[in-house]
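Hi,

As promised, I am passing the structure on to you. Have a look at it first, and then read on for what turned up.

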2 protein chains.
Amino acid sequence: MSRIVIIGYESAGLTAASTARAIDRQAEIIVIERRPYVLYHPCGIPFAIGGEIPDIKTLIENTKPPNIDLRIGTEAKSIDTNSKTVEVTELKSGKTEKIPYDSLIIATGSYAFKPPIKGIDLKGVHVVRTVEDGEAIIEATKKAKRAVVVGAGAIGVETSVALRRRGLDVLLVELMPNVLPTMLDQDMAEIVTQRLHKEGVRVLCNQRLSEIRGDKNVRSVVVGETEYPAELVVMSVGVKPEAKLAKDAGIELGPTGGIKVDRYLRTSAPQVYAAGDCVETLNLITENPTLSQVATTAIRMGKVAGKNAAGRKATFNGTFNTVVTSVHELIIASTGPTTSAAKKAGIDVVSARIRMPNKPPYYPGAEPIYAKLLVEAGEQKIVGGQVISTEGVAERVNLLTLAIQNGMRVDEFANIEYCYMPAVCDAIEPLTVAAEAVLRRL
Amino acid sequence: MSRIVIIGYESAGLTAASTARAIDRQAEIIVIERRPYVLYHPCGIPFAIGGEIPDIKTLIENTKPPNIDLRIGTEAKSIDTNSKTVEVTELKSGKTEKIPYDSLIIATGSYAFKPPIKGIDLKGVHVVRTVEDGEAIIEATKKAKRAVVVGAGAIGVETSVALRRRGLDVLLVELMPNVLPTMLDQDMAEIVTQRLHKEGVRVLCNQRLSEIRGDKNVRSVVVGETEYPAELVVMSVGVKPEAKLAKDAGIELGPTGGIKVDRYLRTSAPQVYAAGDCVETLNLITENPTLSQVATTAIRMGKVAGKNAAGRKATFNGTFNTVVTSVHELIIASTGPTTSAAKKAGIDVVSARIRMPNKPPYYPGAEPIYAKLLVEAGEQKIVGGQVISTEGVAERVNLLTLAIQNGMRVDEFANIEYCYMPAVCDAIEPLTVAAEAVLRRL
């Protein structure tokens, strides 16, 4: 009987465990998880802060998975890749144990990065990562009147909206020229910024937070030359791979700081796999090393690592960076690099943006849909897309992702088959209209 | 200067005209249309009967397209493929004219079929095709209390729901074993039937309408051995290609009764193209001749015919039969053949059906999503899919269609990249869950 040990039980670890279990009914599967509870759903936290999810505790699950030896409240302290053992400590009792493995999957995830600026450790400065973080922010909104959110990625945008829903004055600060800078070009981001303004969120782009001021509690932040009073500061400047355990074990990291893996998700150590936010993978368009750090990637990697640890041969090739977020009813999704990211990677991009109603003109309740398509000028293959509307947004970006994965040219994509009914869409698919618009520019 | 003549101005004719216009700024483009108004939207009619579209007149458009010689109220009487002329009559004046063409596009559409049964011409028996049909049905609902809808395809289902919304007792009769028989397998159709029952629509499958009874007005219908009283009967047993004009001109028809074309949409006559409901095309899965007869196919064919008539070389290869319909908030879509249609075509199909919530368990307002995937057993390529839920249904079926078009195997599809946010979907894409379920059966 073989033994598979998995470190970490979020999307990647969970999927790896259940996948390995389904393949190998005999193997012993041990999962080491530091948290005192079984599972939680980090992507729900901004919506619990905003109140759409009425009770943040519902993000915690405490049902143990069947036929898996899940040890919560237990921390992996070190990995010995020679003797193939993991040293773990039960946090409550302090009891230490060395667990031998045949296969090991490192799924240690990521942590919210706090930049080393003055005042970062003041009371009232939060990140959005764990349920405890979410609870602390909800508690803080009961007294705070003014909040500053630093970093306008998906989590920063979602948290800004959530804090407005709690009645706070919200200032959202972003270092880059536009909100959602890894997802959207500036013209598309402008639509999001306008929606944020309408919601009462003030947006400051191209601005750096230089200092957080206060005595014990936060009193203000300094952005550029200006001091903004705030009782609550949320830092959402990104997450970093939790790779220290791997590094200390001599396992190779990549230039992004994530654990280096091949397409079978094998690390540099024999029989050691890695999956999820802690892993460095490949951006399939720019071909640069990248950190994906979304739950769907973690799940897809977990499947591959779980299969391979159980003796199969599955591959994970990389990511197109397919992401969705929202501002109230407005859904925003994208895949592939932005125009500026493509340029930086040496890809010559031709693009077009369209705006049209998402239902036929005669059908009540139509909302605008915005779609932008990015096409590589040479072979005319689609390399990215950005969609904003109130429905059918994530699904359309998934469609684009599948087209990109299949190497479709924009002229082929302009003629795809699709279905139509006035209650759900117009007779002309907006993505094909965007494709035709690009074709006119090629 | 060349002249392109187009007969018919619905989805195909409209798209052909505007496509040709965009390519060739010089050509004379003449469109012959029998109707006394410019354009109408047939797919909206059931929703106007149901009241979702408050005024059925909004389905009519009277803005003439720019730079196109659109002659409404004018009927094409005959085509002479030798002299390359179309004889047309202005219906009001009776004035007749022979119009020479360099290229001709036949886009005559289809008509609602009325089976030759006893009583079919009684007052109170309607079809759902034109705005006038819709107006007559709305008028009839003011007096009628009981309606029978014959044929449970998309139009029959939509019209049944619409008549219930108008307060009538509705009986829906279908010859085949289940509703939406060309779209759904019986297990998926059962979900629709239950929703119809909940709505108060009685459904009778496996039953043939044998007679409509009445004196001048409809009084009842006979289905099997039973007589059902009804003041309103809607026949929705299918549409037939309007191909008489082509046939009379010696243009070849196919076994389905549609105009035979090659992949450039060329008919058997030189420089004569055909597009839309009047055309026979290829079912790309079964490889049998088929009639597609949905607006999206007409638009896609119109684009190809318009390009080719203007001197380009575009192709239309056939259809996967991608269709969407609805019962109130429930959206139903499918692509590819049903299991029984696949069997009939000699395709050995393995399938699996899944049901899961369309949002994470902790997010309020989740609705079930049902997805069924059909995979050809040999090469394990996806050949069809059926999805039912309250949102993201049409878009998911479009995704499946793209996967089928790209010849994807089910194991490849199980690992596609997609995006996720709790407000719009769960972290695991239902279609990949369905794909995994099929894989377990292969």
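Let me start with helix 1 of chain B, whose buried residues pack against strand 1 (3–7), strand 2 (28–32), strand 3 (39–40), strand 9 (103–106) and helix 7 (295–309) of that chain. Please keep in mind throughout that this is a predicted model.

Those buried residues are Ser11(B), Ala12(B), Gly13(B), Leu14(B), Thr15(B), Ala16(B), Ala17(B), Thr19(B) and Ala20(B). Helix 1 of chain B itself covers residues 11–23, and its 13 residues reach 18 Å from the first C-alpha to the last, close to the 18 Å expected at 1.5 Å a residue. It lies across strand 1, strand 2 and strand 9 of chain B, and runs at about 175° to strand 2 of chain B.

The sheet under discussion here is an open one of 5 strands in chain B, in the order 5-2-1-9-21, with parallel pairing. Its edges are strand 5 (69–71) and strand 21 (272–274) of chain B, each of which pairs on one side only. On average, neighbouring strands of this sheet are turned by 15° against each other, direction ignored. Between strand 1 and strand 2 of chain B there are 5 bridges in the parallel sense, and Arg3(B) has Glu28(B) of strand 2 of chain B opposite.

Helix 7 of chain B, one of the packing partners of helix 1, is worth a look of its own. Its 15 residues reach 20 Å from first C-alpha to last, close to the 21 Å expected at 1.5 Å a residue. How many of the residues of helix 7 of chain B are buried? The count is 15 of 15, so this helix is largely enclosed by the rest of the structure. Just after helix 7 of chain B comes Gly311(B), with a positive phi of about 100°.

Strand 15 of chain B is joined to strand 16 (residues 218–223) of chain B by 5 bridges, and Leu209(B) has Val223(B) in strand 16 of chain B as its bridge partner.

In chain A, strand 15 (residues 209–214) contains Ile212(A). This residue is buried, with 23 other C-beta atoms within 10 Å. Leaving aside neighbours within four places in sequence, the contacts of Ile212(A) include Ile117(A), Ile120(A), Leu122(A), Val125(A), Val218(A), Val221(A) and Val233(A). The C-alpha atoms of Ile212(A) and Pro229(A), 17 residues apart along the chain, are separated by 9.8 Å.

Finally, the two chains together. Contacts link 51 residues of chain A with 52 residues of chain B. On the chain A side, the elements giving two or more residues are helix 7 (295–309), strand 24 (323–327), strand 25 (330–335) and helix 9 (393–405). Helix 9 of chain A supplies the largest share, 10 residues. The residues of this side divide into 30 nonpolar, 15 polar and 6 charged.

A rotation of 180° with 0.0 Å of shift along its axis superposes chain A on chain B, with an RMSD of 0.0 Å. The two copies are thus related as by a two-fold rotation axis. Of the interface residues of chain A, 100% are also interface residues in chain B, so the copies meet through the same surface.

Best wishes

Conventions: Residues are numbered from 1 along each chain as its sequence is written. Chains are lettered from A and ligands numbered from 1 in the order in which they are written. This is a predicted model: local features need pLDDT of at least 70, side-chain atom pairs count only at pLDDT 80 or more; totals for chains, interfaces and linings use all residues. Helices (H or I, at least four residues) and strands (E, at least two) are DSSP runs, numbered from the N terminus. The expected span of a helix is 1.5 Å times one less than its number of residues. A residue is buried if 20 or more other C-beta atoms lie within 10 Å of its own, exposed if 12 or fewer, and partly exposed in between; C-beta atoms are placed from the backbone. Two residues are in contact if their C-beta atoms, placed from the backbone, lie within 7 Å. Ala, Val, Leu, Ile, Met, Phe, Trp, Tyr, Cys and Pro count as nonpolar, Asp, Glu, Lys and Arg as charged, and the others, Gly among them, as polar. Two strands pair if DSSP finds at least two bridges between them. Axes are lines fitted to C-alpha atoms, for helices over the stretch in contact, and angles run from 0 to 180 degrees between N-to-C directions. Copies are superposed by least squares on the C-alpha atoms of residues with pLDDT of at least 70 in both.
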